[in-house]
Every structure is written in C-alpha cells, then in structure tokens.
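Here is a short tour of the model below. Keep the structure open beside the text and turn to each part as it comes up.

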Amino acid sequence: MLYKCESKEKNKILGQLFLTNLYISAFTFGGGFVIITFMKSKYVNELHWLDEEEMLDLTALAQSSPGAIAVNASILIGWRMAGLAGMLAATAGTILPPMLILSVLSFFYTAFADNPYVALVLKGMQAGAAAVILDVVCSLGQNVLKEKSALDLCLMVAVFFSAFFLNINVIFLILAAVFAGIIRTVHVRKKR
C-alpha cells in the first residue's frame with residue numbers, strides 16, 4: 001500500500017529517502033545484508049515508516065529479485081513511501097556512492113596498471129577467479145555425470161566444444177541449452 005501524503009510532505013520524504021540511502025550506501029561496507037540492517041534501523045526503528053513485518057517482507061522480495069539486494073530494497077522502500085518518485089530518489093541515493101567510487105578507482109586504475117606490483121596483484125586475482133570458475137565447472141560437471149543422462153552429457157560436451165574450439169558466443173549457447181531444455185520438458189510431459 002502506497003503511503004499517501006501531501007506535496008510538501010512528499011518532497012520532504014523524497015529528500016529523506018535520497019539522503020538516507022546516500023548516507024547508508026556511502027558509509028556501509030559488507031554487502032547488501034549489512035545495508036538492509038541499517039535500512040531497518042532507519043526506516044523501522046527511527047522514522048517508523050515501516051513496521052518489522054513489512055520490512056521483513058520487503059527484504060524477502062529484495063533478496064528474491066535479480067540484482068543487488070540493497071538496490072532492490074531501495075526500490076521497494078522508495079515505491080512504498082512515495083511511488084515512482086520515491087523509488088527513483090531512493091535508488092539514486094543507493095547507487096551514487098558506488099558509481100562515484102568505481103569511477104574514481106577506474107581513473108586511477110589506468111594510472112597504476114603499468115606498475116609491476118599492481119600488475120602482479122591483478123594477475124593473482126585473475127588466477128583466483130579462474131580457480132573459482134574451474135571449481136564450479138567441475139562441481140556442475142560431476143552432477144551431470146552422476147545423473148547418467150545421455151542428453152545432458154552430450155549437451156555439456158557440445159557446449160564446451162562450441163565455446164572452446166568454435167568460439168561461438170556464450171549467449172547463443174545458453175539460448176540453445178534453454179531450447180533443448182524446453183524440448184526435453186515437453187517430450188517428458190507428453191510421455192506422462
């Protein structure tokens with residue numbers, strides 16, 4: 001249910017949504033759930049705009065939606081308090097600090113990219129990311145092998161071959177896998 005308010009009160013709410021989310025986003029480190037805790041403290045305990053149950057519901061929605069949980073929560077709280085304008089104000093307050101920080105870091109990245117120590121750190125980070133990706137691939141591959149499904153095994157080999165040797169864009173491979181899954185599901189349902 002949208003919070004109903006007069007124009008002057010709505011402008012005050014919009015400003016408070018923006019500044020509160022700007023402050024929380026700028027000075028909170030540790031991820032979305034930490035930011036949600038501060039939002040709860042501000043919007044439930046201090047301002048009394050939401051009650052505990054409503055904040056819990058909004059958090060569940062924010063967590064289950066694609067995207068960053070802090071941004072999703074900002075969208076939902078902003079919409080709840082002041083409609084579209086509230087959603088825009090809260091979201092702008094949430095995304096501005098990370099955007100500014102990343103912009104500054106990217107500017108300095110080009111300045112430090114030629115530094116041999118920075119280059120070594122970045123190479124190490126690439127190796128770490130590759131190891132994590134390899135671990136996920138091996139785990140998922142083991143699950144496919146455990147199922148002993150000829151179709152899944154053929155699909156896995158075909159996708160690897162297409163990506164690694166033929167350089168087919170991953171988007172097309174994902175769409176092909178989705179299509180194969182749809183065909184398989186329709187085929188299984190027809191058998192029932």
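This is a predicted model: local features need pLDDT of at least 70, side-chain atom pairs count only at pLDDT 80 or more; totals for chains, interfaces and linings use all residues.

H2 itself covers residues 32–46. Does its length agree with what its residue count leads us to expect, or disagree? With 15 residues at 1.5 Å a residue, H2 should span 21 Å, and its end C-alpha atoms lie 20 Å apart, so the two agree.

Now colour the buried residues of H2: they are Gly32, Ile35, Ile36, Met39, Tyr43 and Val44. An α-helix has 3.6 residues a turn, so residues three or four places apart point the same way. The cover over the buried residues of H2 includes H1, H3 and H4.

## How the helices pack

Two packed helices are described by the angle between their axes and the distance between the axes. For H2 and H4, the axes cross at roughly 35 degrees and come within 8 Å. On the H2 side, the contact is made by Gly32, Phe33, Ile35, Ile36, Met39 and Tyr43, and on the H4 side by Ile69, Ala70, Ala73, Ser74, Ile77 and Thr94. Sorted by class, this contact has nine nonpolar residues, three polar and no charged ones.

H1 and H4 also pack together, at an angle of about 35 degrees with axes 7 Å apart. Their crossing is right-handed. The residues of the H1 and H4 contact comprise 16 nonpolar, seven polar and one charged.

## The nonpolar core

Which residues touch the most other members of the largest nonpolar core? Among its 23 residues, they are Leu17, Met39, Tyr43, Trp49, Leu50 and Ile77. Helices H1 (7–27), H2 (32–46), H3 (52–64) and H4 (69–112) are the elements that each give two or more residues to this core. The most come from H4, with eight residues.

Leaving aside neighbours within four places in sequence, Leu17 is in contact with Tyr43, Trp49, Ile77, Gly78, Met81, Gly86 and Ala90.

## A leucine on H4

Finally, find Leu102 in helix H4. Is Leu102 buried or exposed? Its relative accessibility is 56%, and the cut-off for exposed is over 50%, so Leu102 counts as exposed.

For a sense of distance, pick Leu102 and Asn72, which are 30 residues apart along the chain: their C-alpha atoms are separated by 20 Å.

Methods. Residues are numbered from 1 along each chain as its sequence is written. Side-chain values use heavy atoms; hydrogens and water are left out. A nonpolar core is a set of buried Ala, Val, Leu, Ile, Met, Phe, Trp, Tyr and Cys residues joined through side-chain atoms within 4.5 Å. Buried means under 20% relative accessible area, exposed over 50%, partly exposed in between (1.4 Å probe, protein chains only). Helices (H or I, at least four residues) and strands (E, at least two) are DSSP runs, numbered from the N terminus. Contact means heavy atoms within 4.5 Å. The expected span of a helix is 1.5 Å times one less than its number of residues. Axes are lines fitted to C-alpha atoms, for helices over the stretch in contact, and angles run from 0 to 180 degrees between N-to-C directions. A crossing is left-handed if the near helix is turned anticlockwise from the far one by less than a right angle, and right-handed if clockwise. Ala, Val, Leu, Ile, Met, Phe, Trp, Tyr, Cys and Pro count as nonpolar, Asp, Glu, Lys and Arg as charged, and the others, Gly among them, as polar.
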